[in-house]
Amino acid sequence: MSKKLRPVLIGTLGAASVAALVITTPAFSSAAPAPAPVAGASVLAAGDLSAPAKKEIAMKLVSSAENSSLDWKAQYKYIEDIGDGRGYTAGIIGFCSGTGDMLELVEAYTNSVPDNPLAKYLPALRKVNGTDSHAGLGSAFESAWKQAAATSAFQTAQNNERDRVYFNPSVSQGKSDGLSNLGQFAYYDAIVMHGPGDSSDSFGGIRKAAMKKAKTPAQGGDETTYLKAFFAARKVIMKQEEAHADTSRVDTEQLKFLNDGNFDLHTPLKWKVYGDSYTIN
């Protein structure tokens, strides 16, 4: 997104790779299925990050790392090529022209509002999907994005796609794993950066690696132990790309909350990302 590069999900973007990556369903695959609770095990009651107040906190936490700002709603109009091989990155969750989610967003928006500033760019978005090309887009598309972002209809479309592809699946998986609000947020932040999927560098792969080291609360494990394993697995992936070698969004944000025992993400919250300090009262 705007200030910090997200990892390239598909390396050298190609049609075949994108076909495998295309984010069309909120369900995670069976590579690391949600475990059934162990009989007689003590399972922590899952939190509910989708509660309005907690969801607002989650949006601000992600925005602090992705946009260096707590004002996540200011990002509807954001659009930029950050040079990560994904073409344009835009909007509140970093929809990308090279990975399919920007195309799906504009298609959904056009289905609900046919006469919109972005509709005429759908053919170009389909052609550049899987590449970092700006062909048929460019400054005119950037202006159209900002024009659309001033409307409640496009803001709603962004919210809906964020929830469908990223927020709802990660929170649902977190609840299935018996995780608290903090644990559900750790999943959400990871899927925002690494994307859904089963490859080792995706959310599903990170979760699978963590589960090899520790049991989830739903399996009778301790949440602190499990989340530390999840953070460790995620940091391995982050450090594989120079742009993400700084793991402070884990170390001085999520791990800080964990060490403070703040599983509920109750306020006030104080943390740092990339050396910048933030507070939610």
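**A walk through the predicted chain**

Of the 281 residues in the protein chain, 53% are buried, where buried means under 20% relative accessible area, exposed means over 50% and partly exposed lies in between (1.4 Å probe, protein chains only). This is a predicted model, in which local features need pLDDT of at least 70 and side-chain atom pairs count only at pLDDT 80 or more, while totals for chains, interfaces and linings use all residues. Residues are numbered from 1 along each chain as its sequence is written, and side-chain values use heavy atoms, with hydrogens and water left out.

The protein chain has ten helices and five strands; these are DSSP runs numbered from the N terminus, helices being H or I with at least four residues and strands being E with at least two. Among contacts between residues at least 6 apart in sequence, 65% join residues at least 24 apart, a contact being heavy atoms within 4.5 Å.

UniProt, in an unreviewed entry, places the feature "active site" at Glu66 and Asp84; its positions are given in the numbering used here, feature names are shortened, and annotations may be inferred rather than shown by experiment. Although these residues are spread over 19 residues of sequence, they cluster in space, with a largest C-alpha distance of 13.9 Å. Glutamate 66 lies in helix H2 and counts as buried because its relative accessibility is 1%. Aspartate 84, by contrast, lies in the loop between strand E1 (79-80) and strand E2 (89-90), and aspartate 84 also counts as buried, at 5% relative accessibility.

From there the reader can turn to a pair of helices. Two packed helices are described by the angle between their axes and the distance between the axes. Helix H5 (residues 138-149) and helix H6 (residues 152-176) pack at an angle of about 95°, with their axes 6 Å apart, where axes are lines fitted to C-alpha atoms, for helices over the stretch in contact, and angles run from 0 to 180 degrees between N-to-C directions. H5 is therefore roughly perpendicular to H6, a term that covers 65 to 115 degrees, whereas angles under 35 count as roughly parallel, over 145 as roughly antiparallel and the rest as oblique. In this contact, Trp145, Ala148 and Ala149 of H5 meet Phe154, Gln155 and Gln158 of H6. By class, the contact has four nonpolar, two polar and no charged residues. Further along, aspartate 163 also lies in helix H6 and is buried, with a relative accessible area of 13%; leaving aside residues up to four places away in sequence, aspartate 163 touches Lys55, Asn168 and Pro169.

Helix H10 (residues 248-259) has twelve residues, yet its end C-alpha atoms are only 14 Å apart, short of the 16 Å that a straight helix would reach at 1.5 Å a residue. Within H10, Ser248, Arg249, Val250, Glu253, Gln254, Phe257 and Leu258 are buried, and the buried residues of H10 pack against helix H2 (52-66), helix H7 (181-194), helix H9 (223-238) and strand E4 (269-273).

After H10 comes glycine 261, whose phi is positive, near 75°. Phenylalanine 263 is found in the loop between H10 and E4 and counts as partly exposed, at 25% relative accessibility. Not counting residues up to four places away in sequence, phenylalanine 263 touches Ser180, Asn181, Leu182, Glu223, Thr224 and Leu258. Phenylalanine 263 and glycine 183 are 80 residues apart in sequence, but 7.4 Å apart in space, C-alpha to C-alpha.

Definitions and conventions. Expected span 1.5 Å × (residues − 1). Nonpolar A, V, L, I, M, F, W, Y, C, P; charged D, E, K, R; others polar.
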